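The entries follow in the order in which I made them.

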Amino acid sequence: MEPKWTHSVCTRVLLTGFTLCVVLVTKPTSAIDIYADAEVMMQNGTTGVLRCTFKSSQVVSSGTSVTWNFQSSQPDNKFSKAPYVIFYFSHGKGFPGAPEFKDRLQFIGDMNKRDVSIQLSPALFSDNGTFFCDVKNPPDIMGTPARTELRVVLKESFTQNNTHMIIAIVGGVLVLLVLITVGACIAMRVLHNRHDYGCTSLESMSSQTPQPRKKVESGLEGSKSTIPLGPLQGPVIYAQLDHSNSKNSFHKMEPVVYADIRKN
């Protein structure tokens, strides 16, 4: 007798097969990381660069695209309400967006090196605002656009800011040199004091050691001899003295000292 398939079993088998087909046929969407400078300062009327790079697990192809958007920070600017596309790059070609940036933007990056930077020339005061860099590298299409705050300033103020920065750096270096010099002087003084203390200790110890007796040279008949200083004592001679006239008297050995008297 053949087993009968129930309706629930058939439904589960069909759902499992459909899920496997979806997993095998479709590819998962990957994320892409985009990097840019947080803030850039340019002088009015000069050329500047807005840098942007990306990191993707997929190989860069002709389908990789880059979109630059701009939103002004000035309320009276028409780009202040929302970001506007100012430049688009795909398949090796650049397509300018807003007419205000048409002749002032140029793509200077290298897609193979994952560099999608652009050049702005000349920079104007109306360019103050936020620039957004967005990259799509299928299947890596999910990523957060990188943003850069651009500040366009006068040449005088830019020079003044650089001067303040240089002064701060020079002042910091001078303070560091002074601290190093003071530390070196303190270390040398400590070492010098230790050296003097060691020398003083050695001198005090050497002063306490017994000094050898001085020898005086005296000439006797043209010959030189050395005589130690101090009390002179002649040789000690032991003699047997008889204190009684009896035969049975006790003979006692007493030392007799004869002074050694020499003529000078």
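**Entry 1: a strand pair.** How many bridges join E4 to E10, and do the two run parallel or antiparallel? I found three bridges, and the strands run antiparallel. I took two strands as paired if DSSP finds at least two bridges between them. Helices (H or I, at least four residues) and strands (E, at least two) are DSSP runs, numbered from the N terminus. I also looked up Val49, whose bridge partner in E10 is Gln119.

**Entry 2: ground rules.** I am working with a predicted model, in which local features need pLDDT of at least 70 and side-chain atom pairs count only at pLDDT 80 or more, while totals for chains, interfaces and linings use all residues. Residues are numbered from 1 along each chain as its sequence is written, and side-chain values use heavy atoms, with hydrogens and water left out.

**Entry 3: the sheet.** I followed E4 and E10 into an open sheet of three strands, ordered E4-E10-E9 with antiparallel pairing. Its edge strands are E4 (48-50) and E9, each of which pairs on one side only. On average, neighbouring strands of this sheet are turned by 30° against each other, direction ignored. The axes here are lines fitted to C-alpha atoms, for helices over the stretch in contact, and angles run from 0 to 180 degrees between N-to-C directions.

**Entry 4: totals.** I counted two helices and 17 strands for the protein. Of its 264 residues, 21% count as buried. Buried means under 20% relative accessible area, exposed over 50%, and partly exposed in between (1.4 Å probe, protein chains only). The accessible surface comes to about 20100 Å², with 61% of it on carbon and sulfur atoms. Those areas come from the Shrake-Rupley method with a 1.4 Å probe; for residues, only the protein chains shown count as cover. Among contacts (heavy atoms within 4.5 Å) between residues at least 6 apart in sequence, 52% join residues at least 24 apart.

**Entry 5: the core.** Which residues have the most contacts inside the largest nonpolar core? They are Trp68, Ile86, Phe101 and Val116, in a core of 30 residues. E3 (39-43), E5 (52-55), E6, E7, E9, E10, E11 and E13 (146-153) each supply at least two residues of this core. The term covers a set of buried Ala, Val, Leu, Ile, Met, Phe, Trp, Tyr and Cys residues joined through side-chain atoms within 4.5 Å. I noted the general background: nonpolar side chains tend to be buried together in soluble globular proteins. I then listed the contacts of Phe101, leaving aside neighbours within four places in sequence: Phe70, Phe79, Ile86, Leu120, Asp127 and Phe131.

**Entry 6: salt bridges.** Asp127 also turned up in my search for salt bridges, where it forms one with Arg104, the closest N and O atoms being 2.8 Å apart. Asp127 lies in the loop between E10 (118-120) and E11 (129-136) and Arg104 in the loop between E8 (93-96) and E9 (105-107), so the pair ties together parts 23 residues apart in sequence. Asp127 is buried at 1% relative accessible area, and Arg104 is buried at 12%. I counted five salt bridges in the structure, taking the term as a side-chain nitrogen of Lys or Arg within 4 Å of a carboxyl oxygen of Asp or Glu. One of them joins Lys136 and Asp134 at 3.8 Å, N to O. Lys136 is partly exposed at 27%, whereas Asp134 is buried at 16%. Another joins Glu149 and Arg147 at 3.6 Å, N to O, and Glu149 is partly exposed at 33%.

**Entry 7: Thr67.** Asp134 came up again among the residues that Thr67 touches, which also include Val85, Phe87, Tyr88, Phe132 and Cys133, not counting residues up to four places away in sequence. Thr67 lies in E6 (residues 65-72) and counts as buried at 19% relative accessibility.

**Entry 8: backbone exceptions.** Most residues other than glycine have a negative phi, and most peptide bonds are trans. Where did I find cis bonds? One joins Ser121 and Pro122, with omega about -10°, and Pro122 lies in the loop between E10 and E11. Another runs from Pro138 to Pro139, with omega near 5°; Pro139 is in the loop between E11 and E12 (140-142). For positive phi I noted His91, near 55°, in the loop between E7 (84-90) and E8. His91 is exposed, at 58% relative accessible area. I also noted Arg114, with phi near 60°, in the loop between E9 and E10; Arg114 counts as partly exposed at 24%.
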